[in-house]
Amino acid sequence: MIKDSDNVKLLEPGKTPAKRKILVVEDNELNREILSSFLEERFEVLLAENGEEGLKILREYYRELSVVLLDICMPVCDGFEFLRRRNTDKVLSTIPVIVMTGSNSKDAEIQCLDLGAVDFIPKPYNFKIVMGRINSVIKLRESVLTLTAVEHDELTGIYTRQAFFYHAKVLLKAKAEEKFHLVVADIRDFKLINSSYGDKIGDQVLCYLARTYAKMMPHGLISRYGSDQFVCLAYGDMDLSLDIMKRVTEEIAENAPIPNLMVKYGIYEDIDISLPVSVICDRGFMAIRSIRDNYENSIAYYTKELNQKQMFDRKLENRFDSAIRDKEFAAYFQPKYDAKTEKIVGAESLVRWINPDGSMVMPGDFIPLYERDGLIVKLDEYIFRYVCEFQRELIEKGQKLVPISVNLSRVSIHHTGVVDRYVDIVKETGIPFSCVPIELTETATLNNVKIRDFTERLVNAGFALHMDDFGSGYSSLITLSELPFNTLKIDKSLIDCIGQDKGRMIVQQITILAHGLGMNVIAEGVESADQVELLREMGCDDIQGFYYSRPSPRAEFVQKLCEA
Ligand code: C2E
Ligand code: MG
Ligand code: MG
């Protein structure tokens with residue numbers, strides 16, 4: 001089995017190599033003994049009786065070997081054959097070979113040079129020459145190594161990402177018959193750890209994790225992949241089931257240098273070794289991304305479905321610009337009804353992505369994604385303009401008009417210029433502000449200076465504000481009184497419960513409270529006549545839901561408006 005490197009220190013200039021590992025491939029027992037007894041003082045010597053055995057050792061110890069001393073004439077697999085087979089492997093061929101030749105073998109020497117040997121030692125051995133050649137070959141190679149590869153992460157001592165890619169590739173090839181598994185780790189809020197405990201403790205956390213992972217996977221490859229990310233590649237039968245992983249990761253967190261260390265783990269079992277190492281690692285991190293916003297779950301597994309979902313997401317992201325350009329996004333309209341008169345008193349615009357083939361993508365598939373990458377700001381503005389222009393058209397045609405509310409993602413709050421642009425769009429289209437109320441989702445986190453400033457600017461500009469999805473998340477009653485919303489939309493999850501006593505009581509109290517604060521109350525997601533009846537009794541003002549109407553395309557909506 002290939003072992004992890006000893007992390008041999010590189011040579012300093014002018015120094016003689018000490019305790020490097022050398023492989024001697026020599027069939028003659030006497031020669032082997034003479035060489036090894038002499039070399040053992042300075043080196044760790046591995047012995048092989050023929051080329052075949054030599055190749056086996058080379059494959060096993062390639063990471064630690066400094067040089068190979070190779071006899072030419074041997075049974076089973078001679079020196080030439082050894083060199084030829086070594087040359088088929090890019091990594092093995094980086095280990096220098098010094099050929100040991102008899103006195104009359106110029107042709108053989110030339111042939112060996114052609115096959116990549118770096119030097120010769122004539123037989124019988126002169127030990128000063130043997131030592132000198134070995135030393136200079138090792139020095140030369142190691143100085144090249146220092147220049148070309150800083151393999152180990154300075155802080156933790158484990159492989160750097162580049163070195164990992166390299167060794168993982170070799171390992172996957174060398175052990176192609178084995179089952180490989182990947183575990184990746186990502187420290188949560190590492191920046192916060194550094195800022196609250198200091199960089200030194202941050203470093204200790206990194207070293208602790210590197211040490212722990214290396215101990216747990218003695219035969220695996222461990223790497224510091226990103227500043228706060230690790231990857232471990234291992235093979236063989238391993239139990240990476242959720243129960244085991246939970247136990248192990250809890251233990252890791254318990255023994256960490258800081259309390260409450262949170263690390264997310266992505267596991268890719270039985271990996272497809274035909275893939276590039278970078279793609280294999282991506283799959284581990286893909287699993288982590290799937291639980292990024294989940295505080296309860298710290299372990300995720302890569303699955304085919306996850307991959308398909310990510311590919312679908314990438315497609316949605318990549319196609320965003322062209323979809324905007326080709327006007328593939330459209331608003332559907334869901335009417336809101338007066339609870340008493342059952343007349344249409346408003347509507348909500350709901351985005352739909354209509355593909356050129358006519359198929360439709362629902363907002364649930366792309367809104368969360370676009371909220372993460374920020375594209376939502378552009379999409380919301382597009383839909384807002386769409387609705388304003390639609391209202392303009394209705395005004396121009398002298399058709400019946402109701403306010404059509406537009407959803408605005410919370411993400412927009414963190415973008416500058418949104419309020420000004422929305423105001424400009426209303427002014428450009430020349431419609432009254434009252435035609436386009438804005439729906440913002442209620443959440444406890446909204447109650448801060450930023451949201452207050454944002455909502456006040458919207459209201460001061462003339463917009464009506466609807467608090468969306470009230471009761472769906474961390475409902476904060478304080479926001480009701482502190483922020484300038486004029487309408488409260490009770491979330492479907494609460495409406496679903498109004499058949500039960502407690503549910504009915506909650507909705508009733510919310511309605512009373514909102515009315516007390518001078519707000520209008522809309523129930524959303526209303527699906528049955530019973531619900532309508534209960535809501536009406538409770539004094540709910542407006543009702544939106546499949547019971548009355550599903551969201552419909554503009555022509556159909558206009559027709560509904562005209563019939564009303
Ligand atoms: P929302 O703003 O709470 O919109 C109400 C959602 O409930 C809509 O889903 C609507 O079709 C659905 N709905 C209405 N009545 C019923 C009912 O009786 N039963 C059931 N089961 N569902 C009902 P939709 O259109 O899939 O939109 C989902 C969410 O996507 C919206 O929830 C909103 O948060 C977001 N969204 C939609 N359009 C936009 C947009 O233009 N911008 C932003 N930022 N978000 C949008
Ligand atoms: Mg809404
Ligand atoms: Mg809603």
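Where does Glu342 lie? I found Glu342 in the loop between strand 11 (329–338) and strand 12, with strands (E, at least two residues) taken as DSSP runs numbered from the N terminus.

I noted that this is a predicted model, where local features need pLDDT of at least 70, side-chain atom pairs count only at pLDDT 80 or more, and totals for chains, interfaces and linings use all residues. Residues are numbered from 1 along each chain as its sequence is written, chains are lettered from A and ligands numbered from 1 in written order, and side-chain values use heavy atoms, leaving out hydrogens and water.

**Backbone notes**

I looked up phi for Glu342 and got a positive value near 60 degrees, though the residue is not a glycine. Glu342 has 38% relative accessibility, so I wrote it down as partly exposed (between 20% and 50% relative accessible area, 1.4 Å probe, protein chains only). Asp189, also not a glycine, has a positive phi of about 55 degrees. Asp189 is partly exposed too, because its relative accessibility is 41%. My reminder: most residues other than glycine have a negative phi, and most peptide bonds are trans. I then found a cis peptide bond between Lys123 and Pro124, with omega about -10 degrees.

**Ligand notes**

I counted polar contacts as pairs of N or O atoms within 3.5 Å. An oxygen atom of ligand 1 is 2.8 Å from an N or O atom in the Arg352 side chain. A polar backbone atom of Phe546 is 2.8 Å from an oxygen atom of ligand 1. For Glu524, I read 3.4 Å between a polar side-chain atom and an oxygen atom of ligand 1.

Conventions. A polar contact is a pair of N or O atoms within 3.5 Å; within protein, one must be able to donate a hydrogen and the other to accept it, and residues adjacent in sequence count only if both atoms are side-chain atoms. Helices (H or I, at least four residues) and strands (E, at least two) are DSSP runs, numbered from the N terminus.
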